[in-house]
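Please keep the sequence and the model in view while reading.

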Amino acid sequence: MSAPHFVGLIWAQSTAGVIGDAGSIPWHVPEDMAHFKSKTTEHPVIMGRKTWDSLPAKFRPLPGRRNIVVTRNPSWTADGADSAPSVADAVALVGESPVWIIGGGEIYRSAMDIATHLEVTEVDLDVDGDTRAPEIPHGWTATAGEWRSSRVDGTRFRFIEYGKP
Ligand SMILES: CCc1nc(N)nc(N)c1OCCCOc1ncccc1N1CCC(C(F)(F)F)CC1
């Protein structure tokens, strides 16, 4: 099994870096859900247990993808998910590329060192939240798409891709 050479982190954040509040996402931008779905479908996804718990029931497990949940609880199990004690162990379970790391905050921070690709949706909102996006270290280069407006309520958003030269 070869280690995946494409390890992507994917998240949606407010401009100030909020990604969640009380276990949910404080906005509704269906274009981001479609973006997330198109990027991750058919590829394995790795997430923390809190993100697993936050998934709406009809998306748990995320369909069409191997779901791997990172938890320190060795007796944790769930239908439709594998588990691993750390991000590194979860990535080691995957012998294909790309693998997508889909949240939450703690998991992104522990995965940043092994990430090769960041796929960030910036939502132009000023919202409060208890969970923040990871700091992006120096050395990543950003390619930002154009600002778009959500069909629901006109909320502006854009997709930013980060690579490492
Ligand atoms: C979309 C939210 C999202 N955006 C980006 N860009 N990066 C992410 N890491 C991400 O968080 C995925 C895990 C949390 O996901 C959800 N949390 C609350 C409600 C709904 C969801 N979604 C809806 C879409 C669904 C589909 F299967 F269609 F993709 C998956 C579950």
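The model is predicted: local features need pLDDT of at least 70 and side-chain atom pairs count only at pLDDT 80 or more, while totals for chains, interfaces and linings use all residues. Residues are numbered from 1 along each chain as its sequence is written, and side-chain values use heavy atoms, with hydrogens and water left out.

**Pockets**

A pocket here is an open set of points on a 1 Å grid over the protein atoms alone, where a 1.4 Å probe fits and protein lies on both sides within 12 Å along at least five of seven lines; a lining residue has an atom within 4 Å of a point. Volume is the space filled by probe spheres set on the points, with grid points joined across faces, edges and corners. Elements are DSSP runs numbered from the N terminus: helices (H or I) have at least four residues and strands (E) at least two.

The largest pocket holds about 1400 Å³ of space. Its lining comprises 47 residues, and Ile25, Thr51, Ser54, Ile102 and Gly103 are the closest to its centre. Two or more lining residues come from each of strand 1 (7-14), strand 2 (18-20), helix 1 (30-40), helix 2 (49-54) and helix 4 (105-111).

The second largest pocket holds about 170 Å³. Of the 13 residues that line this pocket, Gln13, Gly17, Ala133, Pro134 and Glu135 lie nearest its centre. Strand 1, strand 7 (117-123) and strand 11 (156-163) each give two or more residues to this lining.

The table sets out the make-up of both linings.

**Aromatic rings**

There are four aromatic pairs in the structure. Rings of Phe, Tyr and Trp (its six-membered ring) pair if their centres lie within 6.5 Å; planes under 30 degrees apart count as stacked, over 60 as edge-to-face and the rest as tilted.

One of these pairs joins Trp11 and Tyr108, whose ring centres are 5.2 Å apart with planes at 50°, so the pair is tilted. Trp11 belongs to strand 1 and Tyr108 to helix 4, so that distant parts of the chain, 97 residues apart, are linked. Both Trp11 and Tyr108 are buried, a word that stands for under 20% relative accessible area, with exposed over 50% and partly exposed in between (1.4 Å probe, protein chains only).

A further pair is edge-to-face, because the rings of Trp52 and Trp76 have centres 6.0 Å apart and planes at 85°. Trp52 is in helix 2, and Trp76 is in the loop between strand 4 (67-70) and strand 5 (81-84); the pair therefore ties together parts that are 24 residues apart in sequence. Trp52 counts as buried at 5% relative accessibility, and Trp76 counts as buried at 14%.

The ring of Trp147 has the charged end of Arg156 over it, 4.4 Å from the ring centre. This arrangement requires NZ of Lys or CZ of Arg within 6 Å of the ring centre and within 35 degrees of the ring normal.

**Helix 1**

Pro30, Glu31, Asp32, His35, Phe36 and Thr40 are the buried residues of helix 1. They pack against strand 1, strand 3 (45-48), strand 6 (99-101), strand 7, strand 10 (148-149) and strand 11. Just after helix 1, Glu42 has a positive phi of about 80°.

**Single residues**

Contact means heavy atoms within 4.5 Å; the contacts below leave aside neighbours within four places in sequence.

Ile102 is placed in the loop between strand 6 and helix 4 and is buried, with a relative accessible area of 10%. Its contacts include Phe36, Thr40, Thr51 and Tyr108.

Gly48 is part of strand 3 and counts as buried at 6% relative accessibility. It is in contact with Val69, Val70, Gly103, Gly104 and Ile107.

His117 lies in strand 7 and, at 14% relative accessibility, counts as buried. Among its contacts are Trp100, Trp140, Glu161 and Tyr162.

Arg158 is in strand 11, and its contacts include Val120, Glu122 and Trp147.
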